[in-house]
Amino acid sequence: MRAAAEWSWRLIVVAVAIFLVAALANRFEEVIVPVALAVLGTAFLIPLVDWLDRHGLNRGVAVAFTLIVFLGAVGGILTFVVQQFIDGLPDLSTQATQSVDSVKDWLVNGPPGLKQAQIDRVGDDIIAMIQRNQDKITSGAIATAGVVTKIATAGVLLLFLMIFFLFGGGHVWEFTTRLIPSGSRPKVLEAGRAGFGTLVGYVRATVAVALVDAIGIGTGLAILQVPLALPLASLVFIGAFVPIVGALVTGGLAVLVTLVTKGWIAAVIALAVVVAVMQIESHVLQPFLLGRSVRLHPVAVVLGIAAGIVSAGIIGGLLAVPLIAFLNTAVRSMYTQTAQAAESADDEVQVGIYAAKADPPTWDSSDAPGLNGPPETPDGDGTDDPDPDDPEQPTRPDTSD
């Protein structure tokens, strides 16, 4: 009972702390979300910045060049995809209308044997529902305009943060660790570096997996001549950033569009393509690309995504797995450091007034902290075996009497 009580009050304190942090994050969502996305964007681009820095280019110029190339590539791709969507939408609308008419004809003249009046009544009910909710639709459009303004503001903040994170994010992290008591500061500093290394590996692998998903599913849709094949492939690429769930949902949407426009045989083929690509992703790409840097069980991934979506919507689902991966590596790193020899006093981080200083090139190296997971302890399982000859080792009391 005493042990249960001690565990209970500790868990209550931890739960209250987590609740307060979540409430604070929700209150400042417009700031925290851009910061989180900026960290992920930095993890994706910083290997290129470090590579340019290591080969003699000034780091500030390397940051500017990398961001210009990245923004230009993203802008060009989005422009091309939107143009393809605009060009293909009339064809999609025509085929969708034909499919709806075919379904209506099947419901009336096929096995269901429904009356035409019943089908027309359903259509009239849908139109009446839209008219009754016209005010909500209008207010929703106004709210959408407000959302666009927030997105634009967040985009500017995100770009501003990425400039400084790419240039001197390591020094920003060192300055932040001043909030940690001096005795734990070196371990927290190293754990943060290892966790960020995991994010570098995670984002790099996720982009590669998303690209393969988009190419595989998009090629299948193009062979089947499905309208909007390229925009649907782009949607699959974006959805793949939410592991397991994202590619499944966007692939299902592609199958639905195929069903509406090309019939059930083409939809079955599209479904087979989606399932094949998902199997390749799960059993080949993710284990090979992620390796030891992100070792998360699928149950943890699915539960984390579900919790993120429930608590913060789509953004929560997007950030859930990177957060879990970061915490997983950071906590294991701190545990490993605790199990190993104590840090010497000379290793304590001393940071003065923060100044924008450039980071040394680190993250383009294959042995960067966290890319291969935290260092193993001497016995390889995260703990040290007790030395029976060490007088400082605690011993069990003799209970033989």
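How many Å² does the accessible surface of the chain come to, and what percentage of it belongs to carbon and sulfur atoms? The accessible surface amounts to about 24,700 Å² (Shrake-Rupley method, 1.4 Å probe), and 70% of it belongs to carbon and sulfur atoms. The model is predicted, with local features requiring pLDDT of at least 70 and side-chain atom pairs counted only at pLDDT 80 or more, whereas totals for chains, interfaces and linings use all residues. Residues are numbered from 1 along each chain as its sequence is written, and side-chain values use heavy atoms, with hydrogens and water left out.

The chain contains ten helices and zero strands; these are DSSP runs numbered from the N terminus (helices H or I, at least four residues; strands E, at least two). Of the 401 residues, 30% are buried, that is, under 20% relative accessible area with a 1.4 Å probe and protein chains only, where exposed is over 50% and partly exposed lies in between. Contacts (heavy atoms within 4.5 Å) between residues at least 6 apart in sequence join residues at least 24 apart in 74% of cases.

Helix 10 (residues 298-339) spans only 28 Å between its end C-alpha atoms, while a straight helix of 42 residues would span 62 Å at 1.5 Å a residue; the expected span is 1.5 Å times one less than the number of residues. A kink of about 150° is centred on alanine 312 in this helix, the bend being the angle between axes fitted to the seven residues ending there and the seven starting there.

The largest nonpolar core has 28 residues, of which Leu166, Phe196 and Val200 touch the most other members. Such a core is a set of buried Ala, Val, Leu, Ile, Met, Phe, Trp, Tyr and Cys residues joined through side-chain atoms within 4.5 Å. At least two residues of this core come from each of helix 2 (29-54), helix 3 (59-109), helix 5 (134-176), helix 6 (185-223) and helix 10. Helix 2 gives the most, with seven residues. Beyond residues up to four places away in sequence, leucine 166 touches Thr42, Leu45, Ile46, Val49, Arg59, Val63 and Leu67.

Valine 35 also belongs to helix 2 and is partly exposed, with a relative accessible area of 31%. Leaving aside residues up to four places away in sequence, valine 35 touches Leu161 and Phe165. The C-alpha atoms of valine 35 and leucine 158 are 6.6 Å apart, although 123 residues separate the two in sequence.
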